[in-house]
Amino acid sequence: MALDGSLERLRREGHIVVVGASLAGLRAAETLRTEGFTGALTLIGDEPYGPYDRPPLSKQVLLGRVPPDHTDLPRHCAIDARWRLGVAASGLDLAAKRVALADGTSVEYDRLLIATGVRSRPWPNELEACLDGVFVLRTRDDAARLDHRLKAGPSRVLVIGAGFTGSEIASVCRERDLPVTVAERGATPLVGALGSVIGEVAARLQHQHGVDLRCGVMVTGLEGDSAGRLRRAHFSDGGTVEAEVAVVALGATRNTEWLAGSGLAAGPRGIACDAGCRAFDIRGIVADDVFVAGDVARSPHPLFGYQFLSLEHWGNAVAQAEVAAHNMISPGERRRPHLWTPYFWSAQFGVNIKSVGVPNMADHILISQGSLDEPRFTAAYGYQGRVIAAVSFDQAKWLEFYQRQIEQAAPFPLPFTTVDRRPEGMRPVPAGFPDPSVPTHGPEVTVSGHSPTDQRVTFTPA
Amino acid sequence: MRVVVDLNRCQGYAQCAFLAPDVFAMHGEEALLYDAQPDDIRRVDVLRAVAACPVRAITVEGAGGKWTADRVGVPHGA
């Protein structure tokens, strides 16, 4: 079918600007080229580096096995782009189709892809956050700084927040034989993402590996010495811990501030877009020339009641970037929806944890294979009588099966007996997710309702 | 050379860790650690690992050519 003239011109000689030069931005740029876009392509990134992979930073890099600058992403094809690295986007003028940059310049576009991702949520007390020894972990530079400090053999490391990143950091520290205290506001590690039934297993792993795990407490203050070096932390239960290093692992915050006042439906939960990755404006109307992909996007998903879903997942960034890029240069009838089933992994304390679906939407859980005691098992999560998610500890081979159950809306509890199913696995129990109205350091999946302009989010870590 | 493993796809078969042990290593029973930018002298090992991965989770790019899990059936450049 022939393309109309304007789309044909866009594909041949238009200018596409991608804001965000990480995984989603790179994969989108590659898809544009492989699908025949021959116009000008500009990639803008706030970090001075080309696209690199982040998951290794809290694993092999922090373990000291791989240098921080050894995580560049492979390129699938030559993308022939103009790179504007080390300069952040600072504003967007939708009417003029122009992105303003922090160095005072601007870039005009015919079509724009926003893939600005997330950043670590900093310690909320700015003075305390500036103490020597207080770190976050999101970027290559963060990893290099933290690795350097861990090499020096600090007397104790405090990890604030036991989500996936915090737990992985604690695991690395123990493997480096460093004393670690983990402070978690919830009842168990990983409770926001996986619930307390699995969270108890994560807690046991931490104890077995010698982590000083403190759950149900908040860090109320970080105290420095006269030279501005971190010395100790104070807890809400009145306790203290002496530590030379504190890693703030309180989740991520979305990079949408630069869009304030632009008219796009962008807020703390991300940028709302339709299933075809087109951004909504604040009126709830899709903007034809602005697309969104990756961690910063929130889009409706049919498997989850068409609620807007935000996913801080590697696989989502790849899949959504490919759909967004395809749709940017395709006519309406050839556009595709982004229907990816959420998938993620974590490696900690020698265990490979994998998840499919949206566990934190569930009400009940049952251990369908293996046993929590080993711990080698697969857990199925149910929501209102259907399977909504599954999580495996060292049983990744089974997850594809559960993915199909989720996609087919199979009933929960599972109506069949599975291999290696123990008596205790026949009975669903409450999954034990904390009250979703209480903000935590954050599950990496957020089901955030139906409103494209929801901006009512605040975060109070203490 | 630059390498990335789709760890959503990886199921811990460990073929890569046998074929290119300087690049890929199992960490525990099932988790995989790897160097995303191994030295070019590991190219043949890495391409063998790419070809042997039962779930085709490894993507490689090298200087002067494009290499992906879907395009490399047998080791090239040996």
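This is a predicted model: local features need pLDDT of at least 70, side-chain atom pairs count only at pLDDT 80 or more; totals for chains, interfaces and linings use all residues.
1. Start with the helix pair in chain A. Helix α2 (residues 23-34) and helix α8 (residues 314-328) have axes that come within 8 Å, and they cross at roughly 35°. As for the hand of it, the crossing of α2(A) and α8(A) is right-handed.

2. Who makes that contact? On the α2(A) side, look at Leu23(A), Ala24(A), Arg27(A), Ala28(A), Thr31(A) and Leu32(A). Facing them from α8(A) are Trp314(A), Ala317(A), Val318(A), Ala321(A), Glu322(A), Ala325(A), His326(A) and Met328(A). Sorted by class, the contact of α2(A) with α8(A) comes out at 10 nonpolar, 2 polar and 2 charged residues.

3. On annotation, an unreviewed UniProt entry puts "domain: FAD/NAD(P)-binding" at residues 15-321 of chain A. That span is 21% helix and 31% strand, and its end C-alpha atoms sit 17 Å apart.

4. Take Cys53(B): the nearest cysteine sulfur belongs to Cys16(B) and is 6.6 Å away, and Cys53(B) is in no disulfide.

5. Is Cys53(B) buried or exposed? Its relative accessible area is 13%, so Cys53(B) counts as buried, the limit being under 20%. Cys130(A), on the other hand, has a relative accessible area of 65% and is exposed, because that class begins over 50%.

Key
Residues are numbered from 1 along each chain as its sequence is written. Chains are lettered from A and ligands numbered from 1 in the order in which they are written. Side-chain values use heavy atoms; hydrogens and water are left out. Axes are lines fitted to C-alpha atoms, for helices over the stretch in contact, and angles run from 0 to 180 degrees between N-to-C directions. Helices (H or I, at least four residues) and strands (E, at least two) are DSSP runs, numbered from the N terminus. A crossing is left-handed if the near helix is turned anticlockwise from the far one by less than a right angle, and right-handed if clockwise. Contact means heavy atoms within 4.5 Å. Ala, Val, Leu, Ile, Met, Phe, Trp, Tyr, Cys and Pro count as nonpolar, Asp, Glu, Lys and Arg as charged, and the others, Gly among them, as polar. UniProt positions are given in the numbering used here, feature names are shortened, and annotations may be inferred rather than shown by experiment. Buried means under 20% relative accessible area, exposed over 50%, partly exposed in between (1.4 Å probe, protein chains only). A disulfide is a pair of cysteine sulfur atoms within 2.5 Å.
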